[in-house]
Amino acid sequence: MDMPKATEADKENFRSVLPDHPGVVVKPMFGNLGAFVNGNMFAGLFGPTIGIKLSDEDREVLESTERTVPFGPAERPMGGYTGLPEMWNEEGDGDNARARAWTEKAFAYVASLPPKAAKEPRPKAAKK
């Protein structure tokens with residue numbers, strides 16, 4: 001499975017479209033980044049592609065009006081996430097406004113979901 005790594009410019013662009021909210025937590029994920037609220041991922045970076053998790057209604061609007069792309073590996077895209085149009089990365093400043101607006105919608109949607117339950121730590125194996 002091909003796992004592209006995000007460049008520093010990709011990471012900077014990703015951070016620039018995230019909501020300025022104290023609940024946003026950005027974590028590294030397999031050489032890329034994920035943005036979380038209440039333990040749930042609302043946006044991610046896969047190479048240069050930004051993927052967002054939207055409500056069914058918002059996802060339908062975005063996918064029917066823009067040239068979105070699958071998010072994640074081609075062999076196994078992440079269900080429930082939509083990749084923002086790659087051409088937005090190439091067109092210039094006005095497009096960050098569109099990416100920010102959709103990322104805000106993703107944040108609001110995922111923030112409305114129940115917080116992700118913390119995993120219980122595994123018991124440590126006894127030393128022999």
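Q: Two strands pair if DSSP finds at least two bridges between them. How many bridges join β1 to strand β2 in this predicted model?
A: Strand β2 covers residues 32–37 and runs antiparallel to β1. Pairing requires at least two bridges, and the number that joins β1 to β2 is 5.

Q: Which strands are the edge strands of the open sheet?
A: The open sheet has 6 strands with antiparallel pairing, in the order β1-β2-β3-β4-β6-β5. An edge strand pairs on one side only. The strands placed in this way are β1 (25–29) and β5.

Q: What percentage of the residues of the protein chain count as buried?
A: A residue is buried when its relative accessible area is under 20%. The protein chain has 128 residues. The share that counts as buried is 36%.

Q: How many aromatic pairs does the count give?
A: A pair of aromatic rings is described by the distance of the centres and the angle of the planes. Rings pair if their centres lie within 6.5 Å. By this rule, the number of aromatic pairs is 3.

Q: Is the pair of Phe42 and Phe107 stacked or edge-to-face?
A: The two ring centres are 5.4 Å apart, with 75° between the planes. Phe42 lies in strand β3 (residues 40–46) and Phe107 in helix α4 (residues 93–111), so the pair ties together parts that are 65 residues apart in sequence. Both Phe42 and Phe107 are buried. Planes over 60 degrees apart define the class, and the pair is edge-to-face.

Q: Which residue forms one aromatic cluster with Phe46 and Phe71?
A: The centres of the Phe46 and Phe71 rings are 6.3 Å apart and their planes lie at 75°, so this pair is edge-to-face. Phe46 belongs to strand β3 and Phe71 to the loop between β5 (69–70) and β6 (81–83), so the pair ties together parts 25 residues apart in sequence. Both Phe46 and Phe71 are buried. The cluster that contains Phe46 and Phe71 also includes Tyr81.

Q: Over the ring of which residue does the charged end of Lys105 sit?
A: A charge counts as over a ring when NZ of Lys is within 6 Å of the ring centre and within 35 degrees of the ring normal. Lys27 lies over the face of Phe36, at 4.9 Å from the ring centre. The charged end of Lys105 sits 5.3 Å from the centre of the ring of Trp102.

Q: Which element gives the largest share of the lining of the largest pocket?
A: This pocket has a volume of about 280 Å³. Its lining has 16 residues, of which Met3, Phe30, Phe46, Pro73 and Met78 lie nearest its centre. By class, 12 lining residues are nonpolar, 3 polar and 1 charged. The elements that give two or more residues are β2 and β3, and the largest share, 4 residues, comes from β3.

Q: Is Gly79 buried or exposed?
A: Gly79 is placed in the loop between β5 and β6. Its C-alpha atom is separated by 11 Å from that of Leu54, 25 residues apart along the chain. The relative accessibility of Gly79 is 63%, and a value over 50% places a residue in this class, so Gly79 counts as exposed.

Technical notes:
Residues numbered from 1 in each chain as written. Predicted model: local features only at pLDDT ≥ 70, side-chain atom pairs only at ≥ 80, totals over all residues. Heavy atoms only, no water. Phe/Tyr/Trp six-rings, centres within 6.5 Å; stacked < 30°, edge-to-face > 60°. Buried < 20%, exposed > 50% of the residue type's maximum accessible area, 1.4 Å probe, protein only. 1 Å grid on protein atoms, 1.4 Å probe; cavity = no way out; pocket = protein on both sides within 12 Å on 5 of 7 lines; lining within 4 Å. Points joined across faces, edges and corners; volume = space filled by probe spheres on them. Nonpolar A, V, L, I, M, F, W, Y, C, P; charged D, E, K, R; others polar.
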